[in-house]
Structure formats: structure tokens, C-alpha cells
Amino acid sequence: MIMVKTIHEALNRASSFLEESECETKVAEILLLDQLQWTKTELITRLRDPIAAQTYQQFMHKVEQHARTKVPVQHLTGKETFFGREFYVSSDVLIPRPETEELVQQVLQQVEYPSFTCVDVGTGSGVIAITLAKEWAQERQADLLAVDISDKALQIAKRNATLLKAPVCFYQGDFLKPLIEQDIKIDILVSNPPYISYQEKEELTETVRHFDPELALFAENNGLYAYQKIIQQAAYVMNPNGWLFFEIGYTQAQSVTTLIQTKFPMSKVTVLQDINGKDRIIQARL
């Protein structure tokens, strides 16, 4: 391994290596910040500082691992930022995407109740429920619930809720079944469920295909199974005039709209596009 003397040299060496490996060069900065436990400002102002040989070796080991295996950088650092907050993540949960931030933003913009109960179905790392709990904390009386079938995912979500001091009540079970069994009623349902069909698996990037949990990605019935189940079960838990918010695959808008309007004939369904102009969010006022 080529040895370097300064932070600047280490960053340049890693960036060049990633570029040669046809990987994103910004990964170098992310991994270096994590290795040093520095902020971006500290990095900028201390580029000429010396770097210890052991620190450099550990840093380059992660850089080479990412380049060789395409393991997500978030799995190497154990964290990802969502809505300005840092969340713990692992291979047991889906890495939060920017599109899901747009889903959360839409919920915050639309909901006007002074007090209500909201559930996040298929919570994964807990980013949706925890973010909503934190954002509503100062202005609304919101009871946040979160459900996931995966015990490992729930452990991560609970850890994040504890670290961020977010009042979220967690349930383990199949979609809304735990709420139905306990006769819990809700006003708002938010979900980013698995929505990719198994036939599309080979079209995904290596990073997604090999490292994201299948349970959080794929669904039967051309990716519609989770929506079918959630919408069917929602009839047993939703209060009158409630809201449904879903993240969807960009080709699923009509199918999910039909599922909602079939179960809730009086609902008003709206399809919203993401920042890339693709159908990504469905909201329905019941």
C-alpha cells in the first residue's frame, strides 16, 4: 500500500482509486470523515494535518472493500442522514432514500389535525415514524406507531428512536395485523412498503441487489402485494376522514389508485411526482 503523510494526500489517493474502480469519488470523503470522526468543516480546515499510518490503512481498507464488493458506504459507516438527522443502519434494513424524504415532507404539509394517531407500516430503520414524531413534537399532539415484521429491523428502529429521543410505539407483525388485534384506531397511515416485482430483480444495481434486505424490496403480484394487504387491513383501523400516504414504484400509480378507490369508494386520491418527475407518492383522503 502506498503510504501518505497528510489528510489531503489520503483523500486524493482514495478518490483516484475509486475513480479507477468506476465508483463514486465522494465515497472517499464520507469514509474519511467517518474514520476521523470529523465534521466536513474540520476536514476542510485540517487537510494539511498529518495522518497516522494505522488510520490511513483502516481508511483505505474500507475504500478498497467498497470498490471490490460494491457494499454500500452506509454499511461501512453504520449510518445515514435522513431529514437532517443521523440514523443507525445495517444490512437488516433498507437504506433511506431521498424519495422517502419527499414522502415525509408531503405528510407534514397535508396533515392539519391538532391531535391524531399515525402509523408507519414497514418501518425498517424507523426513519419515517421517528422523523414525523420529531417534526410534530412542538406543534401537534401526535401518537406515533410503527410496525415491522422483522425483529432485527425493529431492534434498529428502537435504537434510533432511543438515540433521537423520539416517542414512537413499536409493534411486530404482518402489516396492520397487530393494530387490528388490539383494536387500535388511526387517523394517518404512512408506508414505504416493498414494491419491486421479483421479475425486476436483475435490473437493479449490484449494491441494491446484493446488500439491501429482500424483505424490504420485493413483493408478489408485480410488486403490489403489500399495497393490497395494507389497503384491505386499513378498513379495520382507519378513523373517518383519515389519510393514506404511500411511496410507490413509478409505474404503479394507476394500480395503487384503483386498489384504494375500490376499498374506499369515496376517497380522493392524488398522485405526486418526485424530484425527478416520476410518479412516487400517492395520498388519499378517505
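Asp34 forms a salt bridge with Lys62, the closest N and O atoms being 3.7 Å apart, where a salt bridge is a side-chain nitrogen of Lys or Arg within 4 Å of a carboxyl oxygen of Asp or Glu. This is a predicted model, in which local features need pLDDT of at least 70 and side-chain atom pairs count only at pLDDT 80 or more, while totals for chains, interfaces and linings use all residues. Residues are numbered from 1 along each chain as its sequence is written, and side-chain values use heavy atoms, with hydrogens and water left out.

**Salt bridges**

- Asp34 counts as buried because its relative accessibility is 11%, whereas Lys62, at 22%, counts as partly exposed; buried means under 20% relative accessible area, exposed over 50%, and partly exposed in between, with a 1.4 Å probe and protein chains only.
- Arg85 pairs with Glu135 in another salt bridge, whose closest N and O atoms are 2.8 Å apart, and this pair also links distant parts of the chain, as Arg85 is in strand S2 (residues 85-88) and Glu135 is in helix H7, 50 residues apart.
- Within that pair, Arg85 is buried with a relative accessible area of 18%, while Glu135 is partly exposed with 29%.
- Salt bridges that share partners join Asp34, Lys62 and Lys79 into one network.
- Asp49 forms a salt bridge with Arg46, in which the closest N and O atoms are 2.7 Å apart; Asp49 is partly exposed at a relative accessible area of 23%, and Arg46 is partly exposed at 34%.

**Nonpolar cores**

- The largest nonpolar core has 32 residues, and those with the most contacts inside it are Val111, Leu132, Trp136, Leu144, Val168, Ile188 and Val190; such a core is a set of buried Ala, Val, Leu, Ile, Met, Phe, Trp, Tyr and Cys residues joined through side-chain atoms within 4.5 Å.
- Among the elements that give two or more residues to this core are helix H6 (98-110), strand S3 (115-121), helix H7 (127-136), strand S4 (141-148) and strand S6 (186-191), and the largest share, seven residues, comes from H7.
- Trp136 touches Val107, Leu108, Val111, Phe116, Cys118, Ala142, Leu144 and Ile188, not counting residues up to four places away in sequence, where contact means heavy atoms within 4.5 Å.
- A second, separate core of 30 residues includes Leu176, Leu179, Leu224 and Ile260.

**Strand S3 and its partners**

- Six of the seven residues of S3 are buried, so this strand is largely enclosed by the rest of the structure.
- S3 runs parallel to S4, to which seven bridges join it, and Ser115 stands opposite Gln141 in S4; two strands pair if DSSP finds at least two bridges between them.
- S3 also runs parallel to S6, to which four bridges join it, and here Asp120 stands opposite Val190 in S6.
- S3, H7 and S4 make a right-handed β-α-β unit, the crossover being right-handed if, with the strands pointing away from the viewer, the path from the first strand over the helix to the second runs clockwise.

**Loop residues**

- Gln37, in the loop between helix H2 (26-36) and helix H3 (40-45), has a phi near 60°, a positive value in a residue other than glycine, and counts as exposed because its relative accessibility is 58%.
- Asp183, in the loop between helix H9 (177-181) and S6, likewise has a positive phi, near 55°, and is exposed with a relative accessible area of 56%.
- Pro72 lies in the loop between helix H4 (53-69) and helix H5 (73-77) and is buried, with a relative accessible area of 4%.
- The C-alpha atoms of Pro72 and Ile95, which are 23 residues apart along the chain, are separated by 8.8 Å.
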